[in-house]
Structures are given as structure tokens and as C-alpha cells.
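User: Got a model open here and want to go through chain packing and contacts. Can you take questions as they come?

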Amino acid sequence: MPIFTTARNNWPSGLTYLLLLLTWEGLSRVYPPVILPGPWESLQTLIGLYEKGRLMEPLLYSFLRLAAGFGIAFLLGTGLGVFAGAQELVFKLVSPAVSVLQAVPPVSWMLLAILWLGVNGGAQIFVVALALFPLFFFNSLQGVRQLPKELLEMARVFSVNRRKQLVDIILPALAPFWSAALTVSVGMGWKTIVMAELISGQTGIGASMNTARIYLKTEEVMAWTLLVALLGMALEVLVRKITRPRERRGSAACDLQESR
Amino acid sequence: MKSIYRHATRMFASSLAALILLTGCATTNTATNIAEQPGPAASPAAITLLTPKAPSLIPAVYMEKTEADGTFQIAKWDSIEQLLAGIQGNEAPLYAAPINVGANLYAKGMPIQLLHVNTYGSMYLISLDPNVRELSQLSNETVYIPGQSGPPDILTQHLLAKKGLQGKVNLAYGVIPDIMQQLAAGTIKHAVLPEPVLSGFRMKTKGKVSEVVDFQKEWQAEFGQDLPQTAVFVNRDWAKTHAADIARFEQSYQEAVRQVNQQAGETLKIAAEEFGMPEAVLASALPKITLLYKDAQTAKPEVERYLGVLLQIAPDSIGGSVPDADFYYGS
Amino acid sequence: MRFTGISLKYGAGRLLFDNFSLEAAKGQVTCLMGTSGIGKTTLLKMAAGLIRPAQGVISRDEGERLGYVFQEPRLLPEKTVLENVLWVLEQRQEQEQERVLAMLDAADLSAVLHAYPDQLSGGMRQRVSVVRAFAARPGLLFMDEPFQSLDAATRAGMHQLFRKLWESEQPTVLLVTHDLDEALALGTRIVVLGCRPMNILADVTAASVEQHGGTYFSQADQRRLWQLTTGKDGRETDDRKTAAFKLAPSGSSEI
């Protein structure tokens with residue numbers, strides 16, 4: 001019975017993927033390949049890109065840009081977020097600016113970044129950093145605001161040193177907020193990078209997609225899309241796995257009795 | 001509870017299947033409708049030309065003005081996806097497009113044929129440095145090109161290779177508005193730009209633009225032929241049953257080109273509005289634009305030469321091969 | 001440990017302390033009693049340096065280690081019982097670990113050394129919190145109603161544990177409690193506090209302190225304290241008799 005239940009629980013999402021694939025396949029049979037290439041054709045194109053050596057270089061470029069933008073956003077966002085969480089004045093000064101930053105759509109940043117940094121500048125990195133910065137900022141802010149004050153008070157009374165307070169109280173308390181920010185932002189950053197490259201880049205996945213579209217190679221556009229989507233999902237799962245606090249015990253331990 | 005769930009799933013699956021069938025049928029239906037448009041209904045129905053905001057639009061504007069009411073109309077496309085959707089959805093039987101795009105669509109199995117070529121050259125490599133007169137003076141300089149892998153890019157590469165400057169001149173890419181803005185700001189100095197947008201820039205800088213390369217002239221010097229750029233294509237299925245309509249359109253368009261070249265007048269004002277630029281700018285651009293009507297069979301050798309050059313440098317830009325004779329209407 | 005001329009306002013100008021002074025003698029267990037909301041917790045927090053008074057001086061011995069048993073256990077959720085206790089120690093030598101293990105054993109926590117706080121009952125968590133405070137070897141220990149949430153049996157056990165631990169370390173203790181029985185059982189001195197602003201209603205020192213931490217307060221003191229903490233209007237004889245009867249078992253158990 002439990003096995004049956006598990007199978008039933010996992011079944012619907014598998015079914016959804018299958019239905020999506022079938023819908024895609026069905027529609028691709030109705031339309032010419034230049035309008036909608038089928039899943040099999042897209043996959044073959046992807047493998048073809050790899051075999052022709054045209055896959056890894058754009059992938060690497062996009063990844064490096066994501067890493068750079070992500071790193072900048074994380075350092076600045078958490079730094080300022082923690083600072084603003086600790087100092088009310090900093091919060092009052094910085095937070096409206098970050099809100100405005102957050103309201104500006106990435107596309108606008110893209111166009112402006114090209115003007116400011118030139119076509120060859122780090123426009124894409126700039127855009128990703130700006131898009132992700134508010135996320136890290138607000139999550140760190142929230143995390144600091146919700147630090148367990150009672151535990152910190154306890155640590156102070158017992159004169160526990162700063163390092164131990166940081167490692168055992170502050171970081172564990174901030175971790176869930178960072179985990180949330182990282183998970184959301186890695187997916188968002190990945191898509192933003194590709195979009196930024198599409199608009200302005202000469203290298204990376206977005207640029208390759210743009211070339212494919214200009215040449216009407218829709219099957220390549222689809223192949224890249226497939227790759228970006230799959231990698232995006234994989235990145236999110238990976239980040240969630242890495243940042244989630246480890247499961248430390250089973251549920252059986254819960255019925256420990258008071259020993260008297 | 002369980003049965004509701006199962007019921008809902010079945011409903012969803014069946015409606016999905018119905019949807020697929022419907023869209024499928026709908027597409028085929030419209031296709032046959034247009035292809036088999038019967039005679040009596042055809043003559044009053046308007047013929048639509050789907051055109052980009054390129055020089056080919058100017059004669060079209062003239063036609064829309066002079067043709068009998070409701071027999072000819074213009075629709076515009078900006079991105080290649082819009083053109084594709086227009087062809088797929090049978091929004092118009094006629095499409096103006098860069099020749100390489102047409103060849104590419106043809107190679108991808110889209111049902112189109114080249115009717116005529118109407119725009120030649122009209123593309124320039126310019127510099128803000130008045131001393132630059134020759135391509136060779138641009139060694140170690142960066143030239144900005146609108147659109148990587150498009151004809152401006154390929155033709156520039158062809159020219160550099162011919163002059164032995166390959167790898168000596170740097171090429172960078174952007175979109176036209178960005179390139180114009182950066183030229184105006186002085187952050188970049190050299191660029192390849194098409195007309196009529198180039199004239200807008202010429203006016204702004206009051207003639208301080210040095211014209212380094214006129215691609216039409218270079219092409220003529222090399223091959224003794226004109227450099228074909230934009231053509232009008234026709235939906236092949238539609239063409240089979242509308243020979244008379246096509247003949248009338250061809251004649252009108254040819255006449256429109258002649259009129260625009262002689263005395264644009266009122267047409268210029270409407271066209272300028274369509275381009276979103278002052279009439280004076282478009283008027284000053286006109287002498288720099290080579291509007292020339294050549295029907296498919298006449299233009300065929302030039303088109304084949306041009307596509308042959310594209311094939312050498314970027315085969316993907318024309319779909320991998322020079323199209324066969326069936327590509328040209330009237331063969 | 002001494003409070004001198006402490007003043008502190010709370011929020012909308014309510015005066016909690018106005019020139020309040022109190023001294024806790026070294027090595028004594030000073031029990032602080034009084035109705036809730038009069039600032040006993042605030043007083044402890046000021047003593048521990050967690051809250052600063054608006055005026056006045058709080059003096060402690062230089063470099064004296066502090067311990068604190070809060071009203072709630074305040075344990076690190078991601079650490080085990082043993083880790084929680086060791087966490088407040090400066091160094092974790094083998095000896096220290098043995099000492100801590102012995103204390104945990106005395107508190108009947110040996111079975112759950114490697115359990116996490118959310119796996120324990122409220123009473124067990126509070127016991128861990130008490131052991132932690134003693135394990136830190138504080139010269140000055142603050143306890144804010146530490147046994148309030150425990151059932152009677154556990155509380156009695158905790159009183160024994162407290163006396164055992166106090167006997168071996170002899171820290172100065174400030175203990176806030178509502179329970180006169182507890183104060184009589186554990187305190188060497190009982191201070192009953194009044195409110196708005198805080199003042200001292202009664203200050204009674206044990207007539208004798210037995211070995212093993214047992215204390216004895218004179219019958220007259222006990223009666224007075226009982227009046228003060230259960231009702232100020234002076235109860236009828238019946239009530240007093242009941243009070244004396246109630247006191248008797250706890251008194252005899254200590255001797």
C-alpha cells in the first residue's frame with residue numbers, strides 16, 4: 001500500500017512532463033520545422049552542436065558571466081543587507097534606493113548598460129548583478145532583522161566569543177534567507193544572462209541563439225532553449241541541495257520519553 | 001474524490017487533443033482558402049504586401065496612394081519572427097525581405113518565390129574621422145556593424161578579405177539605434193550603416209561624415225553587376241491562381257519605382273511618417289538609395305552571384321545552398 | 001554585587017526604578033519575590049549588563065564570570081544537549097567534559113546527551129539550561145523563575161540538584177521566584193519587592209544555613225513572608241494555620 005501511494009504521488013508530475021512532450025511533438029507535426037521543430041529534432045540539434053564544438057564555448061561564456069554577476073550581487077547585496085539590518089540609519093538611506101533599483105526592468109538596464117559600457121563591455125554582467133542585488137539585499141536584511149536575540153543575549157552573558165556566536169547563531173539564522181535568495185536568483189540570473197546576451201552579446205548562449213534566429217535555424221533556437229531550461233532547473237535543484245540545512249535525524253527520535 | 005480527479009484528467013487530455021486537431025485543421029484550412037480563392041471573390045479583395053521599414057516601402061506607399069481604393073495595402077514587419085508568422089499565418093501573399101532571408105526561407109521549405117528585386121546597395125561604411133578615405137586606413141580600428149552574421153557583416157568581411165585586411169580591422173556588433181547613439185556620443189568612430197537612417201545621422205552632424213565605402217560601387221567594381229539587397233516574394237500557392245493579380249502588381253510597382261525616382265512629392269511625406277523621420281531627411285537620403293526594379297529572371301544572375309558570396313562566407317545565412325531555378329518566379 | 005541609585009523608565013514614562021539600591025552578598029542565594037510586572041526580570045538583566053539603567057551604578061567584581069538561567073531554556077536548536085552545555089565553556093578539555101557529564105548525570109539527562117532540544121520535554125530543556133549555567137562556573141548566577149514551568153516532582157528534583165551544584169561551586173545567586181516554598185527552600189535571604197517604583201517590602205535573612213545548602217527561616221519570618229506574598233490584608237487564623245501546615249513539609253525536608 002505505501003509503495004502504491006508513493007507511485008501515485010510521483011505519477012502526476014511525470015505525467016505532466018510526458019503530456020508537455022506529447023503536446024510539443026503533436027504541434028510540431030502540424031507546423032513546419034522552421035516555425036516549430038519537434039523535441040527529437042531539437043535534441044539531435046543539441047547533440048549536433050556539441051559534436052561540432054559549438055556548444056561548450058558559448059556555455060562557458062554564459063556561465064562565467066553568471067558567476068561574475070552572481071558573485072558581485074551576492075557580495076554587495078549581503079554586505080549592504082547585513083549592514084542595513086544592523087544599522088537603522090543605513091537601512092533608511094539605502095533601502096529606498098534598492099527598491100527603485102528593483103522596480104527597473106532588466107531590459108532597461110540592458111539598453112542603458114550598452115550605452116554606458118559599450119557593446120563589448122561587461123553589460124551582461126552588470127545587468128545580472130543589478131537584477132540579483134536587491135534579492136540578496138532584502139533577504140539578508142530580513143535575516144538580520146530576525147536574528148534570535150535571546151540566543152545572542154545568552155551568548156553575551158556567558159561571554160562566548162564572537163567567532164562562536166557567528167558560526168553557531170548568526171550564520172545558521174541567516175542561512176535559510178540566503179538559501180531562498182540563492183535558489184531564486186540562480187534561476188533568474190541564468191535567464192537574465194541569456195537575455196542580455198541575446199540583446200547585446202557577441203559571445204555566449206544568447207548570442208548563439210540570436211545568430212540562429214537570424215539564420216532562421218529555429219531548431220537551434222529550440223535546442224539552446226532546451227539546454228537553458230534544463231540547466232536552469234538543474235542549477236536551482238543544485239543550489240537548493242547545497243544550501244538546505246542537512247537532515248540530521250529521523251522522525252523516530254521524537255518519542256523520546258522524559259527519563260523519570 | 002478519485003473519480004472527480006480521473007474525470008478531470010480525461011477532460012483535460014481530450015480537450016488538449018481537440019485543441020491540437022483544431023489548430024492543425026485551422027492552419028490547413030486557411031492555407032487552402034487563400035490558395036483556392038475563387039475568381040469572383042479575388043478581384044475586390046485587397047492584395048497585401050508585408051514589408052520592413054526599408055527603402056522598398058517607399059514605392060509601396062506610392063502604390064497604396066495611387067491604386068484603386070482597397071485593392072492594395074501595406075503591412076509592416078520589424079523582426080524576422082514577425083515575417084515568419086506572417087508567412088505561416090497567410091497574412092499576406094506578398095513579402096518584401098532581404099534576399100538572403102528569402103533564400104533561407106525557401107531553403108527551409110517555406111512556399112515562396114522571388115518576384116522582383118527593388119533595392120540595390122544603399123549601404124555605406126562611414127567614419128567620423130574626415131581623414132579616413134580608404135578601408136586600409138582602418139587597421140587596428142574597430143568598425144561597428146548592425147547585426148552579427150547579417151549581410152552588412154558578411155559583405156564587410158568579404159571586402160576586407162578582398163583587400164587583404166582580414167583580421168587587421170576589428171569588427172564589433174550592435175543594433176542600429178545603439179550604434180547611432182554611440183556615434184553621436186563620439187564613443188565609437190566607424191560604422192556600417194544602411195540608408196535612410198544614415199542620412200538622419202549625416203544631417204545631425206552637418207556633413208562631417210566621411211564615406212569610406214559605398215558597397216554598391218565596390219561590388220560594381222568587382223563584378224560589373226549591381227549589388228542586390230531587397231526583393232519582393234510571393235506565396236507560391238497563391239501565385240498559381242493569381243497570375244493576373246501578380247502581373248498588375250509588378251507593373252504598378254515598377255511604375256511606382258520610376259515615379260519615386262523622378263518626383264517623389266507627396267509619397268515622401270507619407271513614407272517619412274512610416275519611417276518615423278523628418279521628410280527632409282528622407283529626401284536627402286533618396287539619392288543615396290538605389291531603387292531599381294528588375295524582375296526575377298533579369299535579376300537572377302546578380303542574385304545568384306550575391307548569394308554565392310554569402311554562401312562562401314556564411315552558408316547558414318542563406319540556408320546552406322544557393323536556391324534552384326524554382327526560386328525565381330516565372331521560370 | 002550591588003545596585004546603587006538605579007533609575008529606569010519604561011516606554012510611556014512609567015517609572016520602573018527610582019533611586020533603587022540593593023546589595024547581594026557574596027556566596028549567598030538572594031531570592032527576589034514580588035508580583036509580576038514590577039521589573040524583576042529587568043533588574044536581573046541590568047545586573048547581567050543586558051540592559052543599561054538611565055541612572056545609577058551597577059557594580060560587580062572585575063572579571064567575574066556570569067551565568068544566567070532565563071525564563072525560557074534558550075538552547076541552540078542545532079546542537080545536542082551535551083554540545084549546548086559545552087558551548088558556553090571557554091575551553092573544552094577532557095576534564096571539563098567529565099565534569100559536565102557528571103552534572104548532566106546528576107540532572108538525570110544522561111540518556112539524552114545526544115538529543116536535540118526540540119526532542120526534549122519542556123522540563124528537560126529547562127534542566128539543560130540550569131546545568132549549562134552551573135557548568136560555566138559562574139561567580140555570579142542569575143536565575144529568572146527557572147523552575148516555574150516544571151511539575152512538582154521535577155521541581156523538587158531540581159531543587160536538590162540546585163543545592164548540590166550550589167554547594168560545590170558556591171556562586172553568588174540572584175533568584176527570581178513567585179513560589180515562597182521555593183524561596184524558603186533555596187534562599188539564604190529573601191527580598192520581597194513592591195512596585196511603582198520598585199521598593200523593598202521585606203528583607204529576611206535565614207536564621208541558619210545547614211550543610212548541603214539547607215536553610216532555615218524563623219517561624220515569625222515565615223509567617224510575615226507568607227502574609228506579604230499571599231495577601232497584604234492579614235488573613236484569618238484558618239489561613240495562617242493552612243500556611244503553617246503547608247510550610248511544614250518543605251521545612252522538615254530540608255533539615
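User: What share of the chain A contacts with a separation of 6 or more comes from residues 24 or more positions apart?
Analyst: 71% of them. Keep in mind that this is a predicted model.

User: Which secondary structure does chain A have, and how many elements?
Analyst: Ten helices and zero strands. Along the sequence the pattern reads α-α-α-α-α-α-α-α-α-α.

User: How much of chain A is buried?
Analyst: Of its 260 residues, 43% are buried.

User: And the accessible surface of chain A?
Analyst: About 14,000 Å². Carbon and sulfur atoms hold 68% of that.

User: Switching to the interface. How many residues of chain A and chain C are in contact?
Analyst: 21 from chain A, against 33 from chain C.

User: What area do chain A and chain C bury between them?
Analyst: About 2,500 Å², with 57% of it on carbon and sulfur atoms.

User: How many salt bridges are there between chain A and chain C?
Analyst: Three. One of them joins the side chains of A:E153 and C:K45, at 3.3 Å from N to O.

User: What about polar contacts across that interface?
Analyst: Eight residue pairs, with both residues at pLDDT 80 or more.

User: Which elements of chain A give two or more residues to the side that touches chain C?
Analyst: α7 (149-157) and α8 (162-200). The largest share is from α7(A), with seven residues.

User: How do the residues on that side of chain A divide by type?
Analyst: Nine nonpolar, three polar and nine charged.

Notes. Residues numbered from 1 in each chain as written. Chains lettered and ligands numbered in written order. Predicted model: local features only at pLDDT ≥ 70, side-chain atom pairs only at ≥ 80, totals over all residues. Heavy atoms only, no water. Helix = DSSP H or I, 4+ residues; strand = E, 2+ residues; numbered from the N terminus. Buried < 20%, exposed > 50% of the residue type's maximum accessible area, 1.4 Å probe, protein only. Contact = heavy atoms within 4.5 Å. Areas by Shrake-Rupley, 256 points an atom, 1.4 Å probe, with all protein chains shown as cover. Buried area = accessible area lost by both parts, 1.4 Å probe. Salt bridge = Lys/Arg side-chain N within 4 Å of Asp/Glu carboxyl O. Polar contact = N/O pair within 3.5 Å; in protein donor to acceptor, adjacent residues only side chain to side chain. Nonpolar A, V, L, I, M, F, W, Y, C, P; charged D, E, K, R; others polar.
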